[in-house]
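Open the model in your viewer and keep the selection panel at hand.

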Amino acid sequence: MDSVKAKTVLVTGGTGYVAAHVLNSFLSRGYNVRTTVRNEASAEKVRKSHRKYLDQLSFAIVKDVALPGGHDEAVKDVDGVIHTASPFVTKVEDNVRDLLDPAIKGTTEVLKSIQKNNPKVKRVVLTSSFAAVGDFTKGIRPGYTYSEKDWNPVTLEIASNPETDGTIAYCASKTFAEKAAFDFVKENNVNFSVASILPPMIYGPAAHTVEGLDHLNTSSADLYRLINGSEKIVPGDVFYAWVDVRDVGEAHLLAYEAPKAGGQRYLTTAGNYTYQQIVDIIRRDFPEKRSVVPEGTPGTPLPDVYRLDNSKIQNELGIKFRTLESSIHDAIAEFVELEKKASKA
């Protein structure tokens, strides 16, 4: 690629858990980064969390990701776009309004803005999810290995139904947003290609400004409940695959830079895990927390569940994944520090 220092990428949704690490991956390589935020207060949070890169950072206010033309100014003059802005919530009042529309329209409106306003963008990287891959009606699928060829078969009709569980609607939102992005490229005369990053459950330390332990993002809150005394037994497993958030940030950079990544999907996962493995790590590394961390049955082997094939991203983009031990340790160490700060406040 040309000199990185002259390059500017747009990262949408800059205050998010994943986006903060995407910012780090690009900024630490010398890229200039413009990021979208909803208001000036959000911009200030990013300035605080990424203060060592202030001379490389700029901001564009986008109040609503799904608004037509909402990204027209934000995309002007950038060299590439990383679209991370999409809701990760599963308890919603309205599946269409709160999940499907922001994810699908949020994606297509960004692409329309690029097509209309910036012909020099050659690569768009989309934060999709393993949620767009798995067929969750089939349960744990012993013996099955998911790959990038798999798509979640959920229908828009099911996802839109008010009776449908929010988790299913969330998975659908990721599926239809990703399909919409690839379809947009296919159906329009655009200068850019799309690559999608497909992480499962994401753990690891935050790089965004965390207001407090009651303001954690969804997956961090999922971990924190294991050390705050609220869980008396080891939770039942729902998803069986994970990845470190720092590796997700890195995957976006690699997919942006690699010419061959255009038009490709990348399962971005370090492998399988269980909550039992997580509590084993916490109880070993943080003995002072043992009294509040459920014990379960230490050392229980991984059950016979689906696997994920991560060979494509390793072979094509050269990524090396962190271990579950390092990811959980670093996340819990951060929670412990936040607890200390809270107790002094």
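Which element gives the most to the lining of the largest cavity? It is α5, with three residues. Helices here are DSSP runs of H or I of at least four residues, strands are runs of E of at least two, and both are numbered from the N terminus.

Before going on: this is a predicted model, where local features need pLDDT of at least 70, side-chain atom pairs count only at pLDDT 80 or more, and totals for chains, interfaces and linings use all residues. Residues are numbered from 1 along each chain as its sequence is written, and side-chain values use heavy atoms, with hydrogens and water left out.

**Stop 1: the cavity.** Select His83, Ala85, Ser86, Ala103, Thr107, Leu126, Thr127, Ser128, Lys174, Ala177 and Glu178, which line the largest cavity. Two or more lining residues each come from α3, β5 (123-127) and α5. The volume is about 60 Å³. A cavity is a set of points on a 1 Å grid over the protein atoms alone where a 1.4 Å probe fits but cannot get out; lining residues have an atom within 4 Å of a point. Points are joined across faces, edges and corners, and the volume is the space filled by probe spheres set on them.

**Stop 2: α3 and α5.** Select residues 95-117 and 166-187. The two axes, lines fitted to C-alpha atoms over the stretch in contact, come within 9 Å and cross at roughly 15 degrees. That makes α3 roughly parallel to α5 (the class for angles under 35 degrees). Contact means heavy atoms within 4.5 Å. Among the contact residues are Ala103 and Thr107 of α3 and Ala177 of α5.

**Stop 3: α8 and α10.** Now select residues 275-285 for α8 and 324-344 for α10. Their axes come within 10 Å and cross at roughly 60 degrees. α8 is therefore oblique to α10. On the α8 side, pick Gln277, Ile278, Ile281, Ile282, Arg284 and Asp285; on α10, Leu324, Glu325, Ile328, His329 and Ile332.

**Stop 4: the second largest pocket.** Stay on α10, which supplies the largest share of this lining, five residues. A pocket is an open set of points with protein on both sides within 12 Å along at least five of seven lines. This one holds about 540 Å³ of space. Of its 20 lining residues, centre the view on His208, Thr209, Val210, Leu338 and Lys341, which lie nearest its centre.

Technical notes. Axes fitted to C-alpha atoms, helices over the stretch in contact; angles between N-to-C directions. Parallel < 35°, antiparallel > 145°, perpendicular 65-115°, else oblique.
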